[in-house]
Amino acid sequence: MDKGAREDGGGGKGTRDTVDEGANKPNYHLKYTMGGHRKAVSSVKFSPDGRWLASSSADRTIRIFDAMTSKCCHQLEGHSSGISDISWTADSHYICSASDDKTIKIWDIETAEVIKTLRGHTNFVFCVNFNPQSNLIASGSFDESVRIWDVKSGKCLKSLPAHSEPVSAVHFNRDGTLIVSSSYDGLCRIWDTGTGQCLKTLIDEENPPVSFVKFSPNSRYILAGTLDNTLRLWNYTAGKCLKTYQGHKNEKYCIFSTFSVTNGKWIVSGSEDHCIYLWNLQNKQIAQKLEGHTDVVLAVACHPKENIIASGSLEKDKSVRLWHHTEEKQSLCLSTNER
């Protein structure tokens with residue numbers, strides 16, 4: 001099932017840091033709307049160097065945009081079914097993709113060619129991520145396993161019997177020693193990358209399906225989305241939920257969420273009400289709601305250096321959008337000068 005139909009069964013510092021009460025509130029506005037995909041947009045990811053934005057789609061393609069101008073520079077084609085997720089190497093030269101054709105492909109974005117095809121999953125590959133060193137790939141599938149792959153050889157190093165339902169997300173911590181996985185079985189699990197051993201299982205009392213998970217930038221916490229309209233921030237070493245974020249809608253799709261750390265500390269998520277939500281990480285209040293998409297916002301990503309958010313939406317919309325932050329005081333000053 002494409003993440004395009006991810007449906008039914010489908011450098012920040014620690015949270016103890018205080019947020020300056022006078023800190024700027026987020027003030028994002030729509031800057032660019034990019035078309036081109038013929039079906040739902042499943043994932044958007046900025047390259048680590050901030051130069052590119054990649055988007056994947058149920059239409060089986062990956063599009064590479066200039067992150068600053070929004071110009072489409074490349075289109076990658078080769079999968080025989082929809083793509084659910086993508087990930088960049090640390091050097092911003094390569095992308096891996098997870099597809100319903102049960103394979104993972106590694107692409108050279110300059111030549112737009114497939115370097116390797118990784119085969120082994122027995123059902124849709126739903127999520128994928130490079131480790132920070134970019135020599136390993138973790139993938140999760142509807143076959144309920146997490147696989148760890150060697151990038152150079154293209155061979156599967158480990159297949160972990162990770163979950164009892166489809167795996168919705170996989171992510172490495174900042175030094176690559178740990179992998180977190182999430183699943184519709186209601187569990188988040190932490191794995192030792194080297195041994196494949198499960199080190200920790202996180203479970204909420206109500207056990208809702210976990211639709212997304214990722215480590216915080218400092219890797220001390222994990223952010224988990226669940227299909228009960230809730231995001232939770234966990235201290236995974238203590239197995240304790242520290243904060244919950246609500247107000248968005250997420251009951252059906254595996255919607256991405258992330259940390260924004262370039263201008264204050266915010267939690268950012270897509271939503272089934274066609275909006276993007278930003279919460280104050282500390283006080284859990286909704287700080288901004290971005291409107292403009294005309295269908296479920298499945299994918300969100302934050303630029304690594306600039307105050308830019310990317311988003312991608314489902315079938316009735318099909319667009320990728322870039323939202324830029326502007327300082328309110330600066331805008332006021334500019335309008336006065338213009339007069």
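How much of the accessible surface of the protein belongs to carbon and sulfur atoms? The share is 45%, out of an accessible surface of about 13700 Å². Keep in mind as you look around that this is a predicted model.

Let's begin with the overall build. The protein contains 28 strands and 1 helix. It has 339 residues, and 59% of them count as buried.

The largest nonpolar core is made of 38 residues, and Val44, Phe46, Leu53, Ile222 and Ile276 are the ones with the most contacts inside it. Strand E26, which covers residues 297-302, supplies the largest share of this core with 5 residues.

Now for a visit to a loop. Thr89 sits between strand E6 (83-88) and strand E7 (94-99), in the loop that links them. Is Thr89 buried or exposed? With a relative accessible area of 5%, Thr89 is buried, because buried means under 20%. Its side chain makes a polar contact of 2.7 Å with the side chain of Asp91. Beyond residues up to four places away in sequence, Thr89 also touches Pro48, Tyr94, Phe130 and Ser134.

Definitions and conventions
Residues are numbered from 1 along each chain as its sequence is written. This is a predicted model: local features need pLDDT of at least 70, side-chain atom pairs count only at pLDDT 80 or more; totals for chains, interfaces and linings use all residues. Side-chain values use heavy atoms; hydrogens and water are left out. Helices (H or I, at least four residues) and strands (E, at least two) are DSSP runs, numbered from the N terminus. Buried means under 20% relative accessible area, exposed over 50%, partly exposed in between (1.4 Å probe, protein chains only). A polar contact is a pair of N or O atoms within 3.5 Å; within protein, one must be able to donate a hydrogen and the other to accept it, and residues adjacent in sequence count only if both atoms are side-chain atoms. Contact means heavy atoms within 4.5 Å. Accessible areas come from the Shrake-Rupley method with a 1.4 Å probe; for residues, only the protein chains shown count as cover. A nonpolar core is a set of buried Ala, Val, Leu, Ile, Met, Phe, Trp, Tyr and Cys residues joined through side-chain atoms within 4.5 Å.
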